[in-house]
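This report covers the pockets of one protein model and the helices beside them. The sequence and structure come next.

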Amino acid sequence: MATSPPYPTHPSVPTGGALRRHPHWWQRTWVRYGALITLLAISGLVILALVREQTGTEGFLVGLGLAILPVPLLIAAFRWLDRVEPGPWRNLVFSFAWGACAAALIAIVANSFATRWIATATADPASADTLGATVIAPIVEESAKAAAILLLFLFRRRDFTGIVDGVVIAGVTATGFAFTENILYLGTAFGTDQLTGGSGIASVTAATFFVRVIMSPFAHPLFTVLTGIGFGIAALAGQRQHLRRVLMPLSGLLLAMGMHAFWNGSATFGNFGFFAVYGGFMVPAFGLLTWLVIWTRQRELRTVREELPAYVAAGWLAPAMPFALGSMRARRLAREYAGHHLGKPAARAVAQYEAYATSLAFLRHRGRRGRAGADFVVREGELLRELWSRRQVARLALEYAARVTAPPVPVAVPPWPMTAPYPAYQPYPTYQGHPAYNPYQS
């Protein structure tokens with residue numbers, strides 16, 4: 001997920017030199033953060049009360065203990081995908097909290113209301129439950145989860161620059177949603193076993209755990225990732241491609257709803273319908289999307305290697321840096337080298353340098369393709385200043401990593417000119433835009 005430093009905004013100074021107007025109180029950052037945190041906290045408390053009411057205290061604790069098991073693995077998988085240009089933790093925390101609290105609350109209330117209304121209107125509770133699971137639930141749940149992606153797409157646009165960003169945000173949001181939903185299902189199953197005396201592997205709890213946690217922990221993330229891919233494609237669109245920026249997220253959302261409905265409807269396809277859909281559709285779809293995301297991640301690394309040499313030519317980067325920054329192994333070795341020889345602050349500085357350099361490469365890539373915003377020069381200058389402030393420790397670590405990971409060459413000299421460990425940089429120049437690059441020319 002892309003991340004970038006807090007670029008300064010352009011103050012709106014009226015003609016004549018009048019002072020800038022202060023924002024209204026509801027436009028202040030702390031007010032927005034406070035409102036969002038309050039909304040999520042209230043949603044969390046309400047969903048906690050609703051789930052506990054349906055499962056009982058003991059069932060809730062059992063469901064909580066079992067439902068949390070796949071969460072660290074799923075979060076770690078999405079963070080791994082996000083390693084090329086890691087995004088801020090606050091975005092992931094918001095995504096998970098939205099899925100676990102706000103989206104889950106919307107789903108429980110809306111699904112229950114719709115199912116009861118259908119049952120009353122048709123006088124057929126069984127058909128109402130089936131219709132609710134296969135039609136109402138996919139629409140409500142995928143729309144509720146998509147709201148988190150939309151909010152980050154609109155208000156954290158600089159952290160949302162491509163398909164991988166959409167996949168990570170969507171996956172974490174769906175992981176939070178599935179976490180709360182699993183508490184409800186597992187807690188209810190445990191309550192059923194308490195009433196019927198079921199225990200061991202023949203119990204309802206064991207069967208529910210096997211289906212939801214062992215076989216299909218990726219189900220909800222898989223559905224919502226389709227929405228995330230739609231938003232990711234929209235993020236890659238140019239400023240004037242308005243139709244694409246609207247249609248791609250909607251298409252992804254519709255695909256997510258369709259896949260969700262097909263999965264929920266598998267229970268009505270006969271005795272082996274669930275296993276047929278699982279083996280013939282869900283697993284291949286999971287494999288295909290996993291390949292797509294990993295391929296996109298590798299393409300991002302290739303973009304880093306291809307775009308950063310322009311800054312080498314201008315003197316901002318050392319010759320070995322594009323190669324090292326375009327290799328995840330070299331990046332890891334650079335952080336480890338800095339941490340071992342220079343301490344943890346140096347390792348953090350190298351990690352920040354890697355993130356800023358990646359953001360710079362993606363920014364230049366968008367600019368070269370005519371998709372950069374009007375603030376291109378400001379953003380480029382901010383990123384270069386961040387790199388400059390960390391240049392010495394980062395250059396030392398990245399050149400070491402480049403030497404270690406460089407492919408063997410049949411010559412007695414290194415594949416690029418090496419310099420002293422601490423290069424004699426000139427004092428930082430007054431930044432007036434990149435001297436060797438026009439972002440709107442190929």
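## Pockets and helices

Helix 1, helix 3 and helix 4 each contribute at least two residues to the lining of the second largest pocket. Helices here are DSSP runs of H or I with at least four residues, numbered from the N terminus. The model is predicted, so local features need pLDDT of at least 70 and side-chain atom pairs count only at pLDDT 80 or more, whereas totals for chains, interfaces and linings use all residues. Residues are numbered from 1 along each chain as its sequence is written, and side-chain values use heavy atoms, with hydrogens and water left out.

A pocket is an open set of points on a 1 Å grid over the protein atoms alone where a 1.4 Å probe fits, with protein on both sides within 12 Å along at least five of seven lines; lining residues have an atom within 4 Å of a point. Volume is the space filled by probe spheres set on the points, which are joined across faces, edges and corners. In the lining counts, Ala, Val, Leu, Ile, Met, Phe, Trp, Tyr, Cys and Pro are nonpolar, Asp, Glu, Lys and Arg are charged, and the others, Gly among them, are polar.

| Pocket | Volume | Lining by class |
|---|---|---|
| Largest | about 1200 Å³ | 21 nonpolar, 18 polar and 5 charged residues |

For the largest pocket, helix 5 provides the largest share of the lining, with 9 residues.

The expected span is 1.5 Å times one less than the number of residues. At Gly 56, helix 1 bends by about 110°, a bend being the angle between axes fitted to the seven residues ending at a residue and the seven starting there. Its buried residues (under 20% relative accessible area, 1.4 Å probe, protein chains only) include Val 31, Leu 40, Gly 59 and Ala 67. The buried residues of helix 1 pack against helix 2, helix 3 and helix 5, with contact meaning heavy atoms within 4.5 Å.

Helix 3 has 34 residues and should span 50 Å, which agrees with the 47 Å between its end C-alpha atoms. A kink of about 40° in helix 3 is centred on Trp 98. Ala 123 follows helix 3 and has a positive phi, near 55°.

Technical notes:
Buried means under 20% relative accessible area, exposed over 50%, partly exposed in between (1.4 Å probe, protein chains only).
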